[in-house]
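Me: I would like to learn how to read side-chain contacts in a model. Could you walk me through some?

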Amino acid sequence: MPHTREREPTMKTTRRPAFVYHFGGQATLIAAALAGGLALTSTPLFAQEAATDDQAAAAELAKKLQNPVASLIQAPIQSNFDFGAGPTGDGFQYKLNVQPVIPISLNKDWNLISRTIVPYVYQEKIIGTSSQSGLSDTVQSLFFSPVQPTKGGWILGAGPVFLLPTATDHLLGSEKWGAGPTAVMLKQDRGWTYGLLANHLWSFAGKSSRADVNATFLQPFAAFTTKTFTTFTLQTESTYDWSNSQWTVPLNALVSQLVKVGGAPVQFGLGGRYYAEKPADGPEWGLRFAVTLLFPK
């Protein structure tokens, strides 16, 4: 999560061949998400002959992409593939997270950043030998963030987070309404971005027959962006379930590239993860492919 740039060398446009990971019945899903994205013909965001102001704009865009509370309208579309889950250890889950980010200027000193996560899930052999598909629960965060960093260079944001029971299948959601606090702090210096995003959710309404939600989410992150707008990220998206005293700790390594597609800036990302801690039926490892649509001012 989450730059001064020199001119980059001219690079030739290439077309990468599509490929398919064969993991039993999941080949079609992974082919659609990975192969379709990697087969796109894209060009480096700004070639050597680009004007200096374009280079500066690209550098600023790359910097904002690593800041969860940046004043930048964006729509990350994130495909997650997790393997080795379920009671038999061969369960699979695909989760498509659509995550629009909309900044709202409140006045010259403060912004309100709306971050929404709407998940679509397909899973098989996670619950017994059955499969489920549909929407899962939505998480809505609102960050009040000062326009200017602190004197020490820290960028801050805090506000409420809400859990909305939007699951279309009771096996894919909590069937609970929840709320709590969320906060983020980060620093950006010489291509580096490092910080922490956190929230906590308590359920306050919903079906009484379902378990209460009482969970802490922690996302420490460190990222480095090169002069050619390639970003390498290490982070974890850990959750602690207080009701069951259980950690889920995926360690993520990601690489992303800012490019132009049809004249518009887009970021593509690819990475993998290993679950250092998980519930007994949790996944062993996973893959991520992400496309971020950008709408700079």
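Predicted model: local features only at pLDDT ≥ 70, side-chain atom pairs only at ≥ 80, totals over all residues.

Me: How many aromatic pairs does the structure hold?

Reply: The count is seven aromatic pairs. In general, a pair of aromatic rings is described by the distance of the centres and the angle of the planes. Take Trp154 and Tyr194: their ring centres are 6.0 Å apart and their planes stand at 85°, so this pair is edge-to-face. Because Trp154 lies in strand E8 and Tyr194 in strand E10, the pair ties together parts that are 40 residues apart in sequence. Trp154 is partly exposed, at a relative accessible area of 28%.

Me: What are the centre distance and plane angle for the rings of Tyr240 and Trp242?

Reply: Here the centres are 4.8 Å apart and the planes are at 85°, so this pair is edge-to-face. Tyr240 counts as buried, at 15% relative accessibility, while Trp242 is partly exposed, with a relative accessible area of 49%.

Me: Which residues form one aromatic cluster?

Reply: Phe83, Phe92 and Trp285 do.

Me: Now the charged side chains. How many salt bridges does the structure hold?

Reply: There are eight salt bridges. The idea is a side-chain nitrogen of Lys or Arg within 4 Å of a carboxyl oxygen of Asp or Glu. One of them joins Glu175 and Lys207, at 3.5 Å from N to O. Glu175 sits in the loop between strands E8 and E9, Lys207 in the loop between strands E10 and E11, and the two are 32 residues apart. Both ends are partly exposed: Glu175 at 22% relative accessibility and Lys207 at a relative accessible area of 47%.

Me: Which residue meets Arg210 in a salt bridge?

Reply: Glu175 does, at 2.7 Å from N to O. Arg210 lies in the loop between E10 and E11, so with Glu175 in the loop between E8 and E9 the pair ties together parts 35 residues apart in sequence.

Me: And where do Asp212 and Lys176 lie?

Reply: Their side chains meet in a salt bridge of 3.5 Å, N to O. Asp212 is in the loop between E10 and E11 and Lys176 is in strand E9, so the pair ties together parts that are 36 residues apart in sequence. Asp212 is exposed, at 54% relative accessible area, whereas Lys176 is buried, at 5%.

Conventions:
Residues numbered from 1 in each chain as written. Heavy atoms only, no water. Helix = DSSP H or I, 4+ residues; strand = E, 2+ residues; numbered from the N terminus. Buried < 20%, exposed > 50% of the residue type's maximum accessible area, 1.4 Å probe, protein only. Phe/Tyr/Trp six-rings, centres within 6.5 Å; stacked < 30°, edge-to-face > 60°.
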